[in-house]
Amino acid sequence: MAEQTKFHSGFVTIVGRPNVGKSTLMNALVGEKVAIVSNRPQTTRNRIMGVMTRPDWQVVFLDTPGIHTPRTRLGEYMMQSVRDAMDGMDGVLVLVDATQVGEHDRAIVADMAQKKVPKILALNKIDLLPREKLLGLMASFAESGYDAIIPISAKTGDGLPELTKALVTSLPEGPKYFPDDMMTDQPERLICAEMIREKALLHLRDEVPHGIGVEMMAMNKENDNFMEIHATIYCERDAHKGIIIGKHGAMLRQIGTEAREDIEALLGMHVNLKLWVKVRPDWRNRMDDLRNLGYENK
C-alpha cells in the first residue's frame, strides 16, 4: 500500500521597498483581491494575510508595508508590522522591481539573506524589462545567498508557476492552518475601509493620498441582500477636504461609486455606501486616531 503523501504548510513573509508590487503579487498567487493596490508608495499599511491552499500544501502569505524610514507614528506602526511578520516565519520572499533596482533594494536583499529560513528572491515587472537587462540583473544577484532567484510579472502572471513551485518545495511538513475556502484573516470592516481608500488613492494626486485614512462608522445589514455602510474619510488639511469632495461633490461620488461596486462584489449583496470627509490635523501621529482606523500594534 502506497504511503500517504504528507501535508506541507508554512508562513511566508513578503518584503521589499514601497511600490515594488507586493500586494499585486499576493493577490495573484492567492487568486482573490485580499490587498488593495495602487501606484502610490506605501499603499499597504497593515500586515495582510493571504492563504493559498492546494490538496497537498498550504502557503500563508504575509504581505507587509514597504520598508522605509518612518516619519510619523503611522510609519513606525507600519515598520513594526514588518518586524512582527518576521516572527515565526517559515520562509521569506523578497520582491524587487526589476526596472529600477537601487541601493535600498540591495540593502534589503542583503539584510534578508541573513535570515535562517528558506529565501526566495523574485524580480518583478519583467514584462517591462528587455531580456538582456534581466540577465545582467540576475547575474548581479547570483551570489546573494538565496535558494532561488526567479523573474516574474505579478501583473501578467509570467513566472508565477515557477515561483509557486519554489515556495512549495521549501515548505516544512505541517498542518492545514486554515480552511480550504479561507483567503484572508482580515475582517470585512477593514477590507471595506481599504477598498474605499484604494479608490481615493487611484483618483487623488500629490500629497493628499498619504494623509488619508478611512474609519468604518457602521455596517448595518438590513436583510440577506442589502447592507448600509457609513464611513468617514480622514484628511489632514482643509484644502485636502475640498479636493476629496471635488466640485459639486463629484470626486467623492466617484470614489464612493467605485468602492461600492468592489464592496458589493466582496459581500455578495447590494450596498448603500454613505461617505463623509473630516479634517483631522496630524492624525498620523495621534494614537487614538490610529487605533480608530485599525492601526494598532498588539
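Across which strands does helix α5 lie? In this predicted model, helix α5, formed by residues 160-169, lies across β1, β2, β3, β4, β5 and β6. Its direction is at about 160 degrees to that of β6.

The protein chain contains nine helices and nine strands. Its radius of gyration is 20 Å, close to the 19 Å given by the globule rule for 298 residues, so the chain is as compact as a globular protein of that length. Along the principal axes, the C-alpha atoms of the protein chain fill a box of roughly 65 × 50 × 35 Å.

Six strands form an open sheet in the order β2-β3-β1-β4-β5-β6, and their pairing is mixed. The edges are formed by β2 (48-54) and β6 (148-151), each of which pairs on one side only. From one strand to the next, the twist averages 20 degrees. Strands of a sheet pair through backbone hydrogen bonds, in either the parallel or the antiparallel sense. Strand β1 (residues 8-15) and strand β4 (residues 91-97) pair in the parallel sense, with four bridges between them. Thr13 has Val92 in β4 as its bridge partner.

Helix α5 also packs with helix α1 (residues 22-30): the two axes come within 11 Å and cross at roughly 80 degrees. An angle of 65 to 115 degrees counts as roughly perpendicular, and α1 and α5 are therefore roughly perpendicular to each other. In this contact, Leu25, Ala28 and Leu29 of α1 meet Leu160, Leu163 and Thr164 of α5. By class, the contact of α1 with α5 comprises five nonpolar residues, one polar residue and no charged residues.

A further helix pair is made up of α6 (residues 188-203) and α8 (residues 250-267), whose axes are 9 Å apart and which pack at an angle of about 140 degrees. Angles over 145 degrees count as roughly antiparallel; α6 and α8 are therefore oblique to each other. The crossing in which α6 passes α8 is right-handed. On the α6 side, the contact involves Glu188, Ile191, Cys192, Met195, Ile196, Glu198, Lys199, Ala200, Leu202 and His203. These residues meet Met251, Gln254, Ile255, Glu258, Ala259, Asp262, Ile263, Leu266 and Leu267 in α8. The residues of the contact of α6 with α8 divide into twelve nonpolar, two polar and five charged.

How values were computed:
Residues are numbered from 1 along each chain as its sequence is written. This is a predicted model: local features need pLDDT of at least 70, side-chain atom pairs count only at pLDDT 80 or more; totals for chains, interfaces and linings use all residues. Side-chain values use heavy atoms; hydrogens and water are left out. Axes are lines fitted to C-alpha atoms, for helices over the stretch in contact, and angles run from 0 to 180 degrees between N-to-C directions. Helices (H or I, at least four residues) and strands (E, at least two) are DSSP runs, numbered from the N terminus. Angles under 35 degrees count as roughly parallel, over 145 as roughly antiparallel, 65 to 115 as roughly perpendicular and the rest as oblique. A crossing is left-handed if the near helix is turned anticlockwise from the far one by less than a right angle, and right-handed if clockwise. Contact means heavy atoms within 4.5 Å. Ala, Val, Leu, Ile, Met, Phe, Trp, Tyr, Cys and Pro count as nonpolar, Asp, Glu, Lys and Arg as charged, and the others, Gly among them, as polar. Two strands pair if DSSP finds at least two bridges between them. The radius of gyration is taken over C-alpha atoms; the globule rule is 2.2 Å times the number of residues to the power 0.38.
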